[in-house]
Amino acid sequence: MAPEGDGHYHPKDAVSAAVTGTIVTGSAGLFVSAIQNSLQKRNVGAWGIFTRTGGTIATFAAVGGAYEFSRNAAANLREKDDHYNAAIGGFLAGSVLGLRTGRIPPMLGWGALTATVLAVYEYTGGALSGSTRDKEVDEFERKEYLRRNRRRPLEETIADVGEGRSIYPPGYEERRRERLKEKYGVDINPVSVDPNA
């Protein structure tokens, strides 16, 4: 994305991003391959990670590299950084997933599915926690505005919730002493914490 205040597109290094994506997803593929190897019924040894289930590592690495390279290359060619780049990268990465079957329909299907998921994810803000906040607005001022906007008067809160349970309005102690004396006949004398009182 372009730096704040700058309206021009800045090219990205697609090869560097592809190498990083390949390493990261290849590491994840190595982990998954190790799990697959450990769940084999026959003991194939530690090298089974590469010899028996090594295709998993290659698939993961190829998916990550294809996605990162094609997404950044599309952004550089289009000179825009938007969700269409994620769709292009997702289609090519999903097609790599479908390559294991050796047939065209699964390649197109996996590509379309991955492109749709990644484009929607990017379009909705690129975070599972929801859309991001406006970077122009100071977070402290935003929270102060929300507090002022939603603040209720203390009297209204007390009327809804009642006194006690960490809600102590002015005169609470006197009213409490009166209620206890009225209900149980016990007179409570307040104790001061101040040693000079």
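**Group meeting talk: a predicted all-helix model**

Among the contacts in this protein between residues at least 6 apart in sequence, 46% join residues at least 24 apart, where a contact means heavy atoms within 4.5 Å. Before I go on, please keep in mind that this is a predicted model, in which local features need pLDDT of at least 70 and side-chain atom pairs count only at pLDDT 80 or more, while totals for chains, interfaces and linings use all residues. Residues are numbered from 1 along each chain as its sequence is written, and side-chain values use heavy atoms, with hydrogens and water left out.

Let me begin with the overall layout. The protein has 8 helices and 0 strands, and from the N terminus on its elements run α-α-α-α-α-α-α-α; here helices (H or I, at least four residues) and strands (E, at least two) are DSSP runs, numbered from the N terminus. Of the 197 residues in the protein, 24% are buried, and by buried I mean under 20% relative accessible area, with exposed being over 50% and partly exposed in between, for a 1.4 Å probe and protein chains only. The accessible surface comes to about 14,500 Å², and 59% of that belongs to carbon and sulfur atoms; these areas come from the Shrake-Rupley method with a 1.4 Å probe, and for residues only the protein chains shown count as cover.

Which residues form the largest nonpolar core? The core has 5 residues, namely V63, Y67, A86, A93 and V96, and a nonpolar core is a set of buried Ala, Val, Leu, Ile, Met, Phe, Trp, Tyr and Cys residues joined through side-chain atoms within 4.5 Å. Helices α3 (54–78) and α4 (83–98) each supply at least two residues of this core, and α4 gives the most, with 3 residues. If we leave out residues up to four places away in sequence, V63 touches A93, V96 and L97. As general background, nonpolar side chains in soluble globular proteins tend to be buried together.

Two further buried residues deserve a look. T56 lies in helix α3 and counts as buried because its relative accessibility is 7%; beyond residues up to four places away in sequence, T56 touches G29, V32, S33, Q36 and R100. N37, in turn, is found in helix α1 (residues 14–38) and is also buried, at 11% relative accessibility, and with the same exclusion N37 touches V44, G45, A46, G48, I49 and T53.

The elements that give two or more residues to the nonpolar patch are α4 and α5 (104–123), and α4 gives the most, with 3 residues.

Next come the charged pairs. How many salt bridges does a search of the whole structure find? The search finds 6, a salt bridge being a side-chain nitrogen of Lys or Arg within 4 Å of a carboxyl oxygen of Asp or Glu. One of them joins the side chains of D81 and K12, at 2.9 Å from N to O. D81 lies in the loop between α3 and α4 and K12 in the segment before α1, so this pair ties together parts that are 69 residues apart in sequence. Both partners are partly exposed, D81 at 27% and K12 at 25%. By contrast, R142 and E139, whose closest N and O atoms are 2.7 Å apart, are 3 residues apart in helix α6 (residues 139–150), about one helical turn.

I will finish with E79, in the loop between α3 and α4. E79 has a positive phi of about 55 degrees although it is not a glycine, and E79 is exposed, with a relative accessible area of 56%. For comparison, most residues other than glycine have a negative phi.
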